Every structure is written in C-alpha cells, then in structure tokens.
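Here is a short tour for a first look.

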Amino acid sequence: MFLSLISGSSGNATLFSDGKTNILIDCGMSGKRLEATLNTLDLSCSDLSAILITHEHTDHIGGAGVVSKRYKLPVYATEKTIAAFPAGKIPEENCNILTPNHTFEIGQIGICPFSISHDAADPVGYTFFSDKKKYALATDTGILSEEIFSAISGSEQVLLESNHDVDMLMYGSYPFFLKKRILGEHGHLSNRLAAQTAVRLLNSGTHQIMLGHLSNENNTPQIAYQTVKNELEAVGAKLNTDITLQVASRHDITRFEAWKSQSLLLEN
C-alpha cells in the first residue's frame, strides 16, 4: 500500500505499508488529524513503525515531533536535516541518521534515500523495495537531475512533484524573489518538467504516476493533469493502458488507481 494522505504546499504526508510494517513519510499535519486519517484505513498512529523525513520545512514536519514523542516512534532523516529541526522538535533518542544512497530496512521493506535539489539542509526523496517491486517518492526538487532520475527509474509507482504552472507563477501575485526561488534549481518541479519526467518514467517501466505537492496559488489539479497527459499522449501513450495518471488530493487520502495492462514501451 503506497498512498498520499495529504499533499500540497500546506502539508504533506505519505504512507507506505506491506501490511505488517507501516512507514509514514513526512508528517505535515497534526497528530489528531493523522490519527483520524489513519483510522479510515483501519490503522492508528500506534500501528506506525517509523517516520521518514524528506526535509525540515514545516509543511513536512509540522506534526512529526508530537507524533514521535507520543507514540515513541523512530524518526529517520539525514544528519543535517535533524540538526535543522526546531529545538526539541524530535526527542534525541528517537532520531536515526540516514545517508543518501545507502539502503536500509525497516521490517521487510527496503528503503533507499536519494538526494534532491531543494533549499533545505540536506533534503532527500525515497525509494522503497517490497515484494520484488520498487516504488518512489520525489517531491520538493527544483530539477530532475540524471542522479535523481536514476534513483526513481523503473519504479512501479511514483509520487512525483508537479508544483506549478510556469505562466501562472510568472503572472501571479508572488513577489519576484519568491518566483525566482520556486523556478530555481533548489525550488520546485514545474508541470512541464513533471511531464517530461513522466515520459521517461513510462519508458523505464513505471506503470503508475501520481502528481503531488501542487501549489495552491500557481497550479490547479486540472492544469497539472492535462499538461502531463498531453506530453504522454504526444509520444503515443494510452492512459489506463500503458500508464495511469492522477493527482494527489491536497486534503484527502489518494490511492493509486488500478493499472490494467501495459503495451510495448515507447522510444525516448
């Protein structure tokens, strides 16, 4: 089970589970809301095995400290990310340091963090290995470098950032310095770059893509979806046959849709 609990500029949390081990990736919601959300999946916070952190921005760690303390959950993050947490946010005894490109296991789930390009201390995305399949989460990155693509390539399911529409951002109300930050190498992935990445992922064997971390001001689910859909169809891909495409909800659980079949992989 790989699903988005919430996704967007106001908060992010993702769940990966093999039915025995339940891993929360980021916790950009309150402990009370997390418990209520997990209850709809017949889970509770006490069923969680660990919390993985991508980076220290509030929309990713807002509730991590409370949840970690209350349920004595181990928290995994890079050393610089842990050092950048607000003082006392995570109990020291719960902190576990991870290193990009070094695989470790929680239960029977293999986990490999990989470096991403964002204006944080030492941000990472994650790939997961379970039941001989690979899954990936890649959000909060200004670029999709060859190193990042190599990390997520071949994943069965990918939660991929599609943060903004460039025209909406450029003609929107954000001050120039913020526009520059979002568009920069350490900002966020645009719909256009997400679309180009989606085509490459299809050719690598990915069957399902979920677009996430959409800006509330500079994007809409419809625009993000259509931009990526157009790019996939331009190379001959058939949605729901070659690949499924969907957008993660800002406030609600979003599951990957069922994938039916896959035709021959397309040429780059």
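## From one leucine to the whole chain

L48 sits in the loop between α1 (31-39) and β4 (50-52). The model is a predicted one. Is L48 buried or exposed? Its relative accessibility is 7%, and buried means under 20%, so L48 counts as buried. Leaving aside neighbours within four places in sequence, L48 is in contact with L15, N22, L24, L34, L38 and L73. L214 lies 166 residues from L48 along the chain, and the C-alpha atoms of the two are separated by 26 Å.

**The sheet.** Seven strands form an open sheet with mixed pairing. Their order is β6-β5-β4-β3-β2-β1-β14. The edge strands are β6 (95-98) and β14 (254-255), and each pairs on one side only. α1 packs on this sheet, where α1 touches β1 (2-6), β2 (13-17) and β3 (22-25). The direction of α1 makes about 140° with that of β1. β4 pairs with β5 (residues 75-78) in the parallel sense, over two bridges. Opposite L52 stands Y76 in β5.

**Helix α8.** This helix holds 14 residues, 191-204. How far apart are its end C-alpha atoms? They are 20 Å apart. At 1.5 Å a residue, the helix should span 20 Å, so the two values agree.

Which residues of α8 are buried? They are N191, A194, A195, T197, A198, V199, L201, L202 and N203. An α-helix has 3.6 residues a turn, so residues three or four places apart point the same way. The buried residues of α8 pack against α5 (146-152), β11 (157-161), β12 (208-212) and α9 (221-234). Just after α8 comes G205, with a positive phi of about 110°.

**The whole chain.** The secondary structure comes to nine helices and 14 strands. For 268 residues, a compact globule would have a radius of gyration near 18 Å; this chain has 18 Å, so it agrees with that value. Among contacts between residues at least 6 apart in sequence, 61% join residues at least 24 apart.

Further values for the protein chain are set out here.

| Property | Value |
|---|---|
| Span of the C-alpha trace along its principal axes | about 50 × 45 × 35 Å |
| Buried share of the 268 residues | 57% |
| Accessible surface | about 11900 Å² |
| Share of that surface on carbon and sulfur atoms | 50% |

Conventions:
Residues numbered from 1 in each chain as written. Predicted model: local features only at pLDDT ≥ 70, side-chain atom pairs only at ≥ 80, totals over all residues. Heavy atoms only, no water. Helix = DSSP H or I, 4+ residues; strand = E, 2+ residues; numbered from the N terminus. Expected span 1.5 Å × (residues − 1). Buried < 20%, exposed > 50% of the residue type's maximum accessible area, 1.4 Å probe, protein only. Contact = heavy atoms within 4.5 Å. Pairing = 2+ DSSP bridges. Axes fitted to C-alpha atoms, helices over the stretch in contact; angles between N-to-C directions. Rg over C-alpha atoms; globule rule 2.2 N^0.38 Å. Areas by Shrake-Rupley, 256 points an atom, 1.4 Å probe, with all protein chains shown as cover.
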